[in-house]
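Please load the model in your viewer and display the backbone as a cartoon. The stops below proceed from the overall architecture to individual residues.

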Amino acid sequence: ARSLTPYHDPREPFLVPPKIPVFGHLIGVLANGTGYYSQMAERYTAKAKDKGGIFTLPVPNGKMYIVTSPSMIAACDRKAKVVSFSVFVVEFARRILAGSSHAVDLLNQDLKEEWEREGKEIGLRQETMRAMHKSLMGENLDVMMRSVMKSLLALLDEAIGEKEEVVEKPLFGFLQDFLTMAGTNFMFGEENNPFQDKEVMKGFWLVDRCYTSLGLNVRPDLIAKEANRGREKFFEAFRKFYANPKALEQASYIIKARYQANRKHGVSLEDIARFDLGVCTALLVNTVPAAGWALCRVYSDENILKELRSGIEAVVFPDGIASAKEKQGQVIKVNMWQVTDAFPLLESFMKEVLRVESNNASARFVLEDTMIEDRESRRSYLLKKGSFLGMPSATVHGSEAAWGSTAKEFDPRRFLDRSKKISPSAWRTFGGGNALCPGRHLALNELTSILAMMVLRYDIEPVERGSGGGWKMPAKGAHISTSILTPAKDIQVRIRSREEVTGLKWDLVWEVDETRKE
Ligand code: HEM
């Protein structure tokens, strides 16, 4: 066993021995997914605080460092080129996206991101990531938001519309179907969206549920049979998508930009099709459960429901909600840009849901022996090459030093003051450093839009109530990489159209008021 446990240098962060010798921490991660890092961090935060906000967990043939303090997170972000996210992008492409060795080798180039400084052209990994960042901000984001609004409305009308009877559905399952279609329609174009084939939809979500077994990358056809079949179905459908020149023409800017970046570096159409499994993963796996938790939180709390409803109504029905009755048959335009701008509590509420529900590990890999320095405590630590490092978001989100005495509470007003600067090392829902999620604006806009439309149009109640008559919040499942967790068991709900707004037609748009843009 000793040969499996690497030498611990006294300059490294303090060592926490596992309860089960050698394999204990590895078993912990495999069994509990991202939650394990925060469980460990929770257990050792007090100790880590005295010893620098970081500690070491030994695993077979390596070690993991777990960071628990915002100032140490900032120290790691400053060394992002060597305390790096890149290896995970490569391994994800190899193990889950099953890319060819040619394409994976291209992604694996310039891991430390030095080429540009040396005057060379950047590699494939950086090129595609830059294309994504560019596609998901500024003008490009606004263009995308317009098609997001169309997709959301059309699919909501199709899924529930304005039925007079009560619709009973599993909440997270309903959101999964609805948002998968809405998201992929605006990404790949409605006409040729490969997710129209229900087998592709099913295959995609099977892959998501089987990351651990698929990720081992050892005979997935035997040990992750169904997920492997689902993945093949996905690849086949996306192969067809790229074989049709019209499909790419009608796709979003981001899919075109990724296509160009990949082609520039000589990536085959087959690999581009496979890499789209990664795009869909990023697009959907956190957004879908985040929408579910937001709806649970709003509909389980009468006061917040009332407050959000009247704030949104004040923008959409400036003459009061009673005026809706006189607008039968008319089209009510909901400009989500305007709603968000005029009623900041909506976005603040959504950000708070994302803060308290966030479970990401912000995984990093140490590419060379590195000293990191905490500027607050002035302490320095050695990180050894080849080690894994995690910065669990749940831990910093619960930090009173970072968020005040209400850190562990749900406070929908926490983000209300937009002028208040939030430290990037304390707000980690979207990760940080040079791996900061490029989809964060899209995700937030999309989530607030779903929330607003549901609150405006529907009432939701659970089929089964808890002992006090309120909502019984479902327990969370586990996942090896997803941040916002899906419940272990879905929650059955009744969705009913609101009487106040029956008979109205809706239009959902994104119209930016340039004079008010920050
Ligand atoms: C609520 C929704 C979302 C959450 C909570 C979320 C969270 C995250 C997190 C935690 C990371 C890793 C950052 C790190 O380790 O520091 C990440 C990366 C990423 N996300 Fe998101 N994300 C969401 C939605 C989206 C959307 C809608 C897209 C758009 C397609 C997207 C695209 C990406 C990409 C491409 C990366 C990799 C970044 C890189 O390699 O540099 N995400 N996201």
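Begin by colouring the two domains: domain 1 comprises 2–98 + 362–403, and domain 2 comprises 126–356 + 429–516. These bounds come from an automatic or database domain assignment. The model is a predicted one: local features need pLDDT of at least 70, side-chain atom pairs count only at pLDDT 80 or more, and totals for chains, interfaces and linings use all residues. Residues are numbered from 1 along each chain as its sequence is written.

The C-alpha centres of domain 1 and domain 2 lie 31 Å apart. Select next the contact between them, to which domain 1 contributes 18 residues and domain 2 contributes 23 residues; two residues are in contact if their C-beta atoms, placed from the backbone, lie within 7 Å. On the side of domain 1 that touches domain 2, α1 (24–32), α4 (86–95) and α20 (393–397) each supply at least two residues. The most come from α4, with 4 residues. By residue class, this side of domain 1 divides into 8 nonpolar, 7 polar and 3 charged. Here Ala, Val, Leu, Ile, Met, Phe, Trp, Tyr, Cys and Pro count as nonpolar, Asp, Glu, Lys and Arg as charged, and the others, Gly among them, as polar.

Now zoom out to the whole chain. The protein holds 22 helices and 13 strands; helices (H or I, at least four residues) and strands (E, at least two) are DSSP runs, numbered from the N terminus. The radius of gyration is 24 Å, close to the 24 Å that the globule rule gives for 518 residues, so the protein is as compact as a globular protein of that length. That radius is taken over C-alpha atoms, and the globule rule is 2.2 Å times the number of residues to the power 0.38. The C-alpha trace spans about 75 × 55 × 50 Å along its principal axes.

Which residues lie closest to the ligand? Among the 27 residues that surround the ligand, the closest are A282, N286, G431, C437 and G439; a residue is near a molecule if its C-beta atom, placed from the backbone, lies within 6 Å of it. At least three residues of this shell are drawn from each of domain 1 and domain 2. Show α6 (124–135), α15 (269–284), α16 (287–299) and α22 (440–457), each of which supplies at least two residues of the shell. Of the shell residues, 17 are nonpolar, 10 are polar and none is charged.

Within the shell, centre on C437, in the loop between α21 (400–403) and α22. The UniProt annotation "binding site", from an unreviewed entry, covers C437; such annotations may be inferred rather than shown by experiment. Leaving aside residues up to four places away in sequence, C437 touches F430 and G431. C437 counts as partly exposed because it has 19 C-beta neighbours inside 10 Å. A residue is buried if 20 or more other C-beta atoms lie within 10 Å of its own, exposed if 12 or fewer, and partly exposed in between.

Finish with two backbone angles. Most residues other than glycine have a negative phi. D110, in the loop between α5 (101–107) and α6, has a positive phi of about 50 degrees although it is not a glycine. S362 likewise is not a glycine and has a positive phi of about 40 degrees; S362 is found in the loop between α19 (344–357) and β7 (364–366). Is S362 buried or exposed? With 25 C-beta neighbours inside 10 Å, S362 counts as buried.
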